[in-house]
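Student: I would like to learn how to read the features of a model step by step. Could we take them in turn, with the general idea before the particular case?

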Amino acid sequence: MGPLRSKKRRPTFRRLLKTSDMKLENKVKNRQLKQQNVAKKQRKEQKRMRQAMKGAALQMPRPLETYRKRPEEEEEEEEFLESLPTDMMDEEDLQQMTAMARKASFITRDLSSCGPVHSSKKRSADVVRSYEKIPRKMAKMEEKELIQLLPIKDKSGVIPRCIERAVKRYPNEVEEEEEEELAETPEQEDNEGASPSFMELTPEQREQFRVQALNIKKQRIASLASTIISDPLNNMKRVKELRGMMMEADPSVAVSVRKMVMVSLMEVFKDIAPTYRIRPLTPAEKNTKVKKETQQLREFEESLVSQYKFYLEDLEQTIKDWKQKKRKRSQVVSFQSYRSLAEVSVRCLCELLLTMPHFNFHNNIIVTLVPLMNDPLKTVSDMCCDAFRKLFQEDRVGGASLATVRVISGLIKSLNYSVRPEMLRTLLSLRIKEVEMKKDLEATATKKKFMTNKEKKKNLSRMQRKWKKAEEKLEKELLEAEASESKERKTKLHTETLNIIFLIYFRILKKAQKSVLLPVVLEGLANFAHLINLEFFDDLLNVLQNLIQSGNLTNRESLHCIQTVFTILSGQGDALNIDPMNFYSQLYRILMRLHAGAPNDDIIIVLRCLDAMLTRRRKQVTLQRAMAFLKRLSTLSMHVMPNASVGILAANRATMHSFSKCDFLLDNEIQGSGFYLPELDEPEHCNAQNTALWELHTLQRHFHPVVRRFASHLSHGAPSDGSSALSVELCRRSPLELFEDYSVKDMTFNPPVAPPASKKKDQFVVGAALLDDKLQKQVDSILNAAEDTQLDFTAAQH
């Protein structure tokens, strides 16, 4: 018979798995409880140690002062003791008195001690015990490392084996330990010992001492930074050491050292930071076994992220201390120096914002710097605004721009629109050209979907499935090569960014029309008007028209409103049935308010408006309106700067090409009835056909050669060929390009002024070159006769 079967049921695999999970959970809980108990015991032991050290310092038993007596005093004491009547006390009493005399009394007790006179036995025992617990400075013993060897098995069981090996100490580690020991010594003792000597020095010696200390710190910072950059994987501890120098305690060099450390750490992180974002490891990844190189890289990345985080926190805390006007307990750095430290911190954050947009904590830097754009200190606000302007221009995808615009929107709303206009003006630097429009979304067709395996088996043969698989693989590779996914992501980010921008602008137009932000909002609307959705057009046009008719806007703000309206109408709004006659009249009225004494940059907006209103919309513009604008622009070109005159005359040339019948203004004959009314601000009713462009005749004598050339060209009807035609360079340039090319902003005249012709003075040479022969002989004879005769002035006096 076979062996008897056990009546005990074998547990199932599911039951075993369940019990193993419970065991693992119990083990983890037990381990956590043990760690908590160990930590609790350590805290109690440290507390007892501190109490013992405190009690030992207060109640340390001090030795009594003993004096050696002279031989004469000893003999006198013996004679005195012998002379005492011993029959009056017993021998035990005598011994007790002698013992009491040997003990300390209130006369011999050290008065400087703070302990009580009468102390119990328990108190003295505690003093001894606490004295024993004071940590002693033991002699340094050689550190040893235990190396486990393979065990040996004999009859008694398994015998573990291990050997001891001395740990090699590198000179760098020894120096670090020595520096740590020096750092652990109380700073008060150093200050107490150094302050009198430093105060006794003369100002020249103090300055010399400061320069020497600063040079030592510079060398230390340079050596640490070069060590980190040379081998970042093995020298990340040096980053912590370098970061510790930001808390420099020497008041003579504290500010300079902290600034140098901030800048040095910034450059170090720029050099050693990778070109990707470091993500935290999951618990599963931490528990898996990896190669030694991979583990070393993980430790480096983890330490790099932590040190970078601490560095950013230090910079942010410096700025907070300056903003909150917080006075520190330790007066190492004066309160006046916090401003310079904060400026250096802001500069470092701005540099990290621009150079490391791909690395960790980039959004934290944005959150820190955006409120500083509204700082009352101009240097700080300009620094932050310039940094974000560069960030917008360099941002290719749009992720950093979206994060910044979100923070700006929240800040403006929280401050109730009381921010500086420079903050909103930075949004004009955004590189947004393509967004997802609603009509584009509706027009886009559904993307091609790949067939599933079931559909392939059902509809295709084996050979067709093979070809289909190869075709789909090729299409995926082509899509990856075209980077269509990144383009879609970029368009999505730009759309979301633009929605937030328009939300900011519309809020200000609705709630803060009298704010200082209105000019910037109108300029931004004019800049991004071609990207506005159709559903906002009606409301926006009504708001802009009400703003212009209110009369509270300046010329520049009104021009921005007009530019926004016609940018909308020339883009997606061309399908709208709207007559913008009122905006034509507003521009016609504003033109006469511009002159050389007003800002010359307003002409740029005028040229953009003319291009959108006359050239692009020539089919919707009447001839009367075009002739009225042509006459008023010619009048305007006479009292503006030369580059503005060139741009306006170039716009007149485009208008004459778009409306060929405008050459009536070059003739003196009257077309129709009525007289020209130059003071009337309605272009349709001013009778511009009954006047002439006499301003062109005056402009032909302008001091600028390009203005003279354009005036002569327009007076001949703006021909495309012939002697009166313009050169190729002037023909191919737009009015805006001509305005910029001939600008005198940089105090340079284009074309350059020719130097004056050298006028040499006539030099009269005495001699035969100027006189004939007869005259020359006569002059010589008279001169010789005058030399021979001697004049007598005394005879004349008598």
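Student: Is Ala 718 buried or exposed?

Tutor: Bear in mind that this is a predicted model. To place a residue, one looks at its relative accessible area, and buried means under 20%. Ala 718 has a relative accessible area of 5%, so Ala 718 is buried. Ala 718 lies in the loop that runs between helix H29 (705-715) and helix H30 (728-731), and its phi is near 55°, a positive value in a residue other than glycine.

Student: What is the phi of Asn 687, and where is Asn 687 found?

Tutor: For Asn 687, phi is near 60°, again a positive value in a residue other than glycine, and the residue sits in the loop between helix H27 (642-658) and helix H28 (695-699). With a relative accessible area of 21%, Asn 687 is partly exposed, because buried requires a value under 20%.

Student: How many disulfides does the structure hold?

Tutor: One checks the distance between cysteine sulfur atoms, since a disulfide is a pair of them within 2.5 Å. By that criterion the structure holds zero disulfides.

Student: Which residues form a nonpolar patch on the surface?

Tutor: A patch is read as a group of residues, each with over 30% relative accessible area. Here Leu 233, Tyr 276 and Leu 297 form a nonpolar patch on the surface, and together they have about 260 Å² of accessible area. Of these, Leu 297 is placed in helix H11 (residues 292-324) and, at 39% relative accessibility, counts as partly exposed.

Student: How many helices and strands does the protein have, and what percentage of its residues is buried?

Tutor: The protein has 33 helices and two strands, and buried residues account for 32% of its 798 residues. The protein exposes about 56100 Å², of which carbon and sulfur atoms supply 54%.

Student: What percentage of contacts between residues at least 6 apart in sequence join residues at least 24 apart?

Tutor: Such contacts can be sorted by separation along the chain. In this protein, among contacts between residues at least 6 apart in sequence, 70% join residues at least 24 apart.

Terms used: Residues are numbered from 1 along each chain as its sequence is written. This is a predicted model: local features need pLDDT of at least 70, side-chain atom pairs count only at pLDDT 80 or more; totals for chains, interfaces and linings use all residues. Side-chain values use heavy atoms; hydrogens and water are left out. Helices (H or I, at least four residues) and strands (E, at least two) are DSSP runs, numbered from the N terminus. Buried means under 20% relative accessible area, exposed over 50%, partly exposed in between (1.4 Å probe, protein chains only). Patches are made of residues with over 30% relative accessible area and no salt bridge: like charges are joined within 9 Å, nonpolar side chains (Val, Leu, Ile, Met, Phe, Trp, Tyr) within 5 Å. Accessible areas come from the Shrake-Rupley method with a 1.4 Å probe; for residues, only the protein chains shown count as cover. A salt bridge is a side-chain nitrogen of Lys or Arg within 4 Å of a carboxyl oxygen of Asp or Glu. Contact means heavy atoms within 4.5 Å.
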